[in-house]
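Dear colleague,

Please find below the structure that I am handing over to you. My notes on it follow directly after.

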Amino acid sequence: MASSVQSSTSSSSPQRSLSAWSPLGGERFYAMTRWVMVVLLGAVTQFLTNGSLWPINGDLETLELIFWLYAGFAFIFTILAFVPAAASIVSLSYLFDIAFISLMAFFGGERIVIFFPLYLVPLTYAAIRQPLHIGVLSGALAAVAYMAAFIGWRRLIAPDALMTMLDYVALALRGLTLAIVPWVTGNLVERQSETNRWRVAQAQQEAERALQEANAYRDQMRSLYQVALALGTTADYRQVLDALLRESRKIVPYRAGVVLFSSGQPNELYVAFGSNLAPGDLNRPLQMDAGLAAALRANTAQTITSFAQFPALQQIGALRDCASAALIPLQVGMRVYGLFVVAADYVLQPDHVEMLMALANYAIVALHNAQLIADLKEEREKLLSREEEVRHQLARDLHDGPAQSMAVITMKAEFIKRMLERDPAQALAELDELSAIAKRTNYEVRTMLFELRPLMLETQGLKVTLEQYLDRLRAKAGNTAIVLEASDIEQVRLGSKVEGALFNMIQESVTNAIKHAKAAHIWVRLRRLRDQMLEVVIEDDGVGFDKAAVLKSYEKRGSFGLLNIDERARLVGGRAEIDSTPGKGTRITIFVPVES
């Protein structure tokens, strides 16, 4: 506490000192200027007296005596200029300057004109430092003193001096000049002061405006930070959009805020979330028009003041009477989530839209993260379900195939043991049948192992593995012909994970075709494209299916099938395209990257 008081005292002391000295700033400068006048008067006195000003002795002339008195006066008032208490006296010292100059002019005789310019210094000081009326009175006083010195010299000291009318006219003009110099100078100073005051006022206004803008920017940055913090701590996209609408209203007051998402139908959006929506607006489907399509494809926000080009937005009751709206696409890379629409009763300024865009960018990242987390959870559930499905399928295959065969082999072995004692010839025939069953069982087990993990894929490549696998599969295909077309891919190099995923996708596609397509032919075609991609086409001439209907009921069917192919392709950096028409077969095209 003591230190703070001491600090306050020490900081206020210089301020008091500065305020005490500041009025004397002009006087100190004038005191220095006076010494210039002293030097000039000394030179004039030396010239007029033809004597020597130094050393001082008792033979000084009157003009020399006045000069030294003026020098002493200048010395005293120079000291007083540094004494704050003498400020009032120092401010009137210019009157003494006028008096001394007038005395020297009086004794200067016919050379009086030489003293005329010296009056300008104290009169200029009076015009600047004194009020205008005081400056004008000082000018009149100087004019009277100057003319009185001239007339006094003419009447008292040199009555015989010859003076013409022109001399009197010149005297009057010089007197008039001395009288008007403070008035002209004072008005010029006042005008300049007004200009300076106006500039200072303008600078203060600009400083206040800059401070307000800085405070507003600080508040906006604080809001953005709070929004980023709020959005960064949630993994629920509903909470993300709710925060987006809520925080946008704090930064840019709006009338209505709407988030549009795809409904899953071609060229259709719907109102997924909103603020201040009219009854019936939420979940309202909207057919995408050209304006909305362009807004979704744009990489930046756009501001509209008319909804004429956006008939779909006119269907939203909360937007109909708004003066303007900002359309902000919610997208990350090539993935478009939807459109954020902010409408207001006033025209949104560019800085408003920039703030909304910045806020939307935070929300897009949070939305993308939430989507990734949701996708990850969904993938985990699918993988777990897939694993369970594979276990059940494997159990069924083992039960229907090798398990049944092993039971038959066991029974045959017991039967042959008894037959060896009674009918050895019949036992040999039964042994031949047992051997055939064992070979078939061994083949089935190896086929199942091949399907689960084809070790050949790691040693002999994709083409040879497919040939071996499809050869084994033809035994199960019945009357369906399986054709492999894979020329010129021996040099294709895929990553081990890509090859494994691609083999599984081909396996699943062919298996689905065998089970459901009822096709006469299944073609498997592989070819390398120019853009470092491998194209794989699995096509059949079977019954086909309604793709839209299958995808719509996909979650209810509890099967992974076609969707699993597309997901696996995306996981290895590729993509899958599925085309099917009832009665015209199915075509599955898979693209995966090739190692360079």
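**The loop residues with positive phi**

Lys518 lies in the loop between α15 (496-517) and β8 (521-528); helices (H or I, at least four residues) and strands (E, at least two) are DSSP runs, numbered from the N terminus. The model is a predicted one, in which local features need pLDDT of at least 70 and side-chain atom pairs count only at pLDDT 80 or more, while totals for chains, interfaces and linings use all residues. Residues are numbered from 1 along each chain as its sequence is written, and side-chain values use heavy atoms, with hydrogens and water left out.

Although Lys518 is not a glycine, its phi is positive, at about 55°. With a relative accessibility of 72%, Lys518 counts as exposed; here buried means under 20% relative accessible area, exposed over 50%, and partly exposed in between (1.4 Å probe, protein chains only). Lys518 follows α15. The 22 residues of α15 should span 32 Å at 1.5 Å a residue, and the 30 Å between its end C-alpha atoms agrees with this; the expected span of a helix is 1.5 Å times one less than its number of residues.

Asn276 also has a positive phi, of about 60°, without being a glycine. Asn276 belongs to the loop between β2 (268-275) and β3, and is partly exposed, with a relative accessible area of 45%.

**The two sheets**

An open sheet is formed by six strands in the order β3-β2-β1-β6-β5-β4, with antiparallel pairing; two strands pair if DSSP finds at least two bridges between them. Its edge strands are β3 (285-287) and β4 (302-304), each of which pairs on one side only. On average, neighbouring strands of this sheet are turned by 30° against each other, direction ignored; the axes are lines fitted to C-alpha atoms, for helices over the stretch in contact, and angles run from 0 to 180 degrees between N-to-C directions.

- Six bridges link strand β1 (residues 256-262) to strand β6 (residues 335-344) in the antiparallel sense, and Leu260 stands opposite Leu339 in β6.
- β5 and β6 run antiparallel and are joined by nine bridges; Leu330 stands opposite Gly338 in β6.
- β4 pairs with β5 in the antiparallel sense over three bridges, with Thr303 opposite Ala326 in β5.

How many of the nine residues of strand β5 (residues 324-332) are buried? Eight of them are, so strand β5 is largely enclosed by the rest of the structure.

The other open sheet has five strands, in the order β7-β8-β9-β11-β10, and its pairing is mixed. At its edges stand β7 (481-485) and β10 (575-580); each has a single partner strand, so one side of each is left without a neighbour in the sheet. Neighbouring strands here are turned by 10° against each other on average, direction ignored. β10 pairs with strand β11 (residues 586-593) in the antiparallel sense over six bridges, and the bridge partner of Asp579 in β11 is Arg587.

**Helices and the nonpolar patch**

Helix α3 (residues 62-80) has 19 residues and reaches 27 Å from its first C-alpha to its last, close to the 27 Å expected at 1.5 Å a residue. Its buried residues include Leu63, Ile66, Phe67, Tyr70, Phe73, Ala74 and Phe77. An α-helix has 3.6 residues a turn, so residues three or four places apart point the same way.

Helix α7 (residues 132-157) has 26 residues; the distance from its first C-alpha to its last is 36 Å, close to the 38 Å expected at 1.5 Å a residue. Among its buried residues are Gly135, Ser138, Gly139, Ala142, Ala143, Tyr146, Phe150 and Trp153.

Leu132, Val136, Met165, Leu166, Tyr168, Val169, Leu173, Leu176, Ile180, Trp183, Val184 and Leu188 make a nonpolar surface patch of about 1,100 Å². Patches are made of residues with over 30% relative accessible area and no salt bridge, like charges being joined within 9 Å and nonpolar side chains (Val, Leu, Ile, Met, Phe, Trp, Tyr) within 5 Å. Accessible areas come from the Shrake-Rupley method with a 1.4 Å probe, and for residues only the protein chains shown count as cover; a salt bridge is a side-chain nitrogen of Lys or Arg within 4 Å of a carboxyl oxygen of Asp or Glu. The elements that give two or more residues to the nonpolar patch are α7 and α8 (165-232), and the largest share, 10 residues, comes from α8. Leu173 is found in helix α8 and, at 51% relative accessibility, counts as exposed.

With kind regards
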